[in-house]
Amino acid sequence: MAISFWFDTLPSTPARASLQQELNVDVAIIGAGFTGLWTAYYLKQQAPQLSVAIVEAEQVGFGASGRNGGWLIGGIAGEGKYLARLEPEACRAGYRQLYGIIDEVERVLEREQIDCDLARGGMIYAAARYPEQLKRIQSELRGLHADGHTEEDFRWMDADELSKQMRMHNGYGGIYSPHCAVIQPGKLVRGLADCVERLGVQILENSPVTAVEGTDLRTAQGRLRASILVPATEGFSDSLMGINRYVLPVQSLIIATEPLAPSQWEEIGMERRPAFSDGGRLTTYGHRSADNRLIFGARGGYCFGGKVRHRFSLSDPEFRLREELMRELFPPLQQARVTHGWGGSLGMARNFAPFALFDPATGIASAGGYGGEGVGATNLFGRTLADLILGQESERTRMPWVFTPASHRQALRRWEPEPIRWLTYRTILSLFSWEDRLYRRQSGPSLLKTLAGATCQQLERLIH
Ligand SMILES: Cc1cc2nc3c(=O)[nH]c(=O)nc-3n(C[C@H](O)[C@H](O)[C@H](O)COP(=O)(O)OP(=O)(O)OC[C@H]3O[C@@H](n4cnc5c(N)ncnc54)[C@H](O)[C@@H]3O)c2cc1C
């Protein structure tokens, strides 16, 4: 499998031309993932006369955009940090922008005739599997309300209601939100690429950018001169311009089962194809695909030095762990065959929240740091970058996640140097796994469980 299950189900297409010559364009974009493609789309929508080229190291969707878990969230990571401190009116306006992402994506899909199996089943978020998790998750819900979300946006779902939607082992209840849909990301990224090409954008594949000079870039055999440059490399940012000090590559791994029989779905539910995650601190997430497989992702990974990981194979032992977690969460799937396993790198900002940035003086516009919540966010941030580049003030450009270089320098935190990052990652992994193991033991409350919960909570506060 070259990229992911998503691409495996699509017909193969011939590679696009690479950058072999010297070209001049108005806007050069590095990276043909969702950020680059949405930015190109909205630029051409508003200013068809602009010449835009996207230079991609591998192929369209090679990065996280072609590998993710398919949650299209009407929200961004760390949104509360940005919005909760605003006046109530501005705070609501911010959330309206975020909730509106799914409607906007649906409008474009309709207008451009892109089919990506979108289903609007909402999300079952942080479903508790152990009584010890309940208090923390309910307090998380209170935190969401304190940050400005309403009961309509995020509400408690008790065990009874949960079991009507999704039948997981020991489901004690969780948070429900309508602000999420699921998609087939391979179809979306390919559909968008074809669409921007129809609008006149040039996409050059197999063209790793090796150097950036101002707004010009070089590849092994070509050069692109531009007035505006948009680095949209997210989890691959170690390759360019020292962005990796701010956006660190973190891995996530996913498995897919064979298409499940109707009787198996009868047992585990998910008729409306909701996105789901469990209440563990080491995130477990998934959804039911349009072709009736269970898509199941779990836990992160980090390579020493923030290196990007390129190889993932179903035979890796770490996929076995995901399989075990899936069967534990859904016991009726003991015999279900896992047919695919893949992974990818996402970009994590030190404040765990994304940013959009434009510097008219240098002509560089960028967005990233989405964490594991970039599928929807890239649409909003692509629209925002287009507004910024075109010099158009809009409700989007006034959002608190939009920075000038000066405000960005102030707000931005660098990642700690190695080996601190590596040691912190290992400590988090060990402590959170320890907490999980303790909870899994059936015996009632114990001092050790309380101690584990309190220690992990403290650690979470510290790193955020
Ligand atoms: C396994 C996994 C699961 C995820 N699940 C979800 C989810 O369910 N929901 C959600 O909202 N988010 C999820 N995410 C995150 C989401 O996929 C990303 O935030 C989003 O796709 C980022 O898009 P992007 O265009 O910014 O970056 P990418 O899609 O990573 O694109 C960057 C592109 O830049 C190219 N590139 C890098 N360096 C160079 C260079 N030097 N020259 C030229 N090109 C270069 C890369 O090849 C790549 O194609 C997940 C991520 C992963 C990895």
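Reader: Where is serine 207 found?
Author: In this predicted model, serine 207 sits in the loop between strand S8 (202-204) and strand S9 (211-213).

Reader: Is that serine 207 buried or exposed?
Author: Serine 207 counts as buried, because its relative accessibility is 2% and the cut-off for buried is under 20%.

Reader: Which residues is serine 207 in contact with?
Author: If neighbours within four places in sequence are left aside, serine 207 is in contact with Ser18, Leu19, Val55, Glu56, Ala57 and Thr219. With leucine 19 there is also a polar pair: a polar atom of the serine 207 side chain lies 2.9 Å from the backbone nitrogen of leucine 19.

Reader: Thr219 is on that list. Where does threonine 219 lie?
Author: Threonine 219 belongs to the loop between strand S10 (216-218) and strand S11 (223-231).

Reader: And what does threonine 219 touch?
Author: Not counting residues up to four places away in sequence, threonine 219 touches Leu19, Val55, Ser207, Pro208, Val209 and Thr210.

Reader: Let us turn to the ligand. How many residues surround the ligand, and which are the closest?
Author: The ligand is surrounded by 39 residues, and the closest are Thr35, Glu56, Ser65, Val209 and Val375.

Reader: Which atom of threonine 35 is 2.7 Å from an oxygen atom of the ligand?
Author: An N or O atom in the side chain of threonine 35 is at that distance from the ligand oxygen. Backbone atoms take part elsewhere: a polar backbone atom of phenylalanine 34 is 3.0 Å from an oxygen atom of the ligand, and a backbone N or O atom of tryptophan 71 is 2.9 Å from a ligand nitrogen.

Reader: How much of the ligand's accessible area does the protein cover?
Author: The ligand has 1000 Å² of accessible area on its own, and the protein covers 97% of that area.

Reader: Which helix and strands each supply at least two residues of the shell around the ligand?
Author: They are helix H2 (34-46), strand S12 (247-257) and strand S16 (338-349). Strand S16 gives the most, with 3 residues.

Reader: How many residues of the shell are nonpolar, polar and charged?
Author: The shell has 17 nonpolar, 18 polar and 4 charged residues.

Reader: What about domains? Which ones does the assignment give?
Author: The domain assignment gives domain 1 (5-68 + 185-246 + 351-411), domain 2 (119-181 + 249-348) and domain 3 (420-463). Domain 1 and domain 2 each provide at least three residues of the shell around the ligand.

Reader: How many Å separate the centres of domain 1 and domain 3?
Author: Taken over C-alpha atoms, those centres are separated by 38 Å. A pair of residues gives another distance: threonine 219 and arginine 437 are 49 Å apart, C-alpha to C-alpha, and 218 residues apart in sequence.

Reader: Which residues does isoleucine 428 touch?
Author: Isoleucine 428 touches Leu459 and Ile463, when residues up to four places away in sequence are not counted. Isoleucine 428 is in helix H12 and is buried, with a relative accessible area of 16%. The C-alpha atoms of isoleucine 428 and tryptophan 71 are separated by 25 Å.

Reader: What kind of peptide bond joins glutamate 418 and proline 419?
Author: Glutamate 418 and proline 419 are joined by a cis peptide bond, with omega about 5°. Proline 419 is in the loop between helix H11 (405-411) and helix H12 (420-440). Leucine 412 lies in the loop between H11 and H12 as well, and leucine 412 is partly exposed at 23% relative accessible area.

Reader: Are asparagine 170 and arginine 299 buried or partly exposed?
Author: Asparagine 170 is partly exposed, with a relative accessible area of 31%, whereas arginine 299 counts as buried at 13% relative accessibility. Asparagine 170 lies in the loop between helix H6 (159-165) and strand S6 (173-177), while arginine 299 is in strand S15 (residues 294-301).

Terms used:
Residues are numbered from 1 along each chain as its sequence is written. This is a predicted model: local features need pLDDT of at least 70, side-chain atom pairs count only at pLDDT 80 or more; totals for chains, interfaces and linings use all residues. Side-chain values use heavy atoms; hydrogens and water are left out. A residue is near a molecule or strand if one of its heavy atoms lies within 4 Å of it. A polar contact is a pair of N or O atoms within 3.5 Å; within protein, one must be able to donate a hydrogen and the other to accept it, and residues adjacent in sequence count only if both atoms are side-chain atoms. Accessible areas come from the Shrake-Rupley method with a 1.4 Å probe; for residues, only the protein chains shown count as cover. Helices (H or I, at least four residues) and strands (E, at least two) are DSSP runs, numbered from the N terminus. Ala, Val, Leu, Ile, Met, Phe, Trp, Tyr, Cys and Pro count as nonpolar, Asp, Glu, Lys and Arg as charged, and the others, Gly among them, as polar. Domain bounds come from an automatic or database domain assignment. Contact means heavy atoms within 4.5 Å. Buried means under 20% relative accessible area, exposed over 50%, partly exposed in between (1.4 Å probe, protein chains only).
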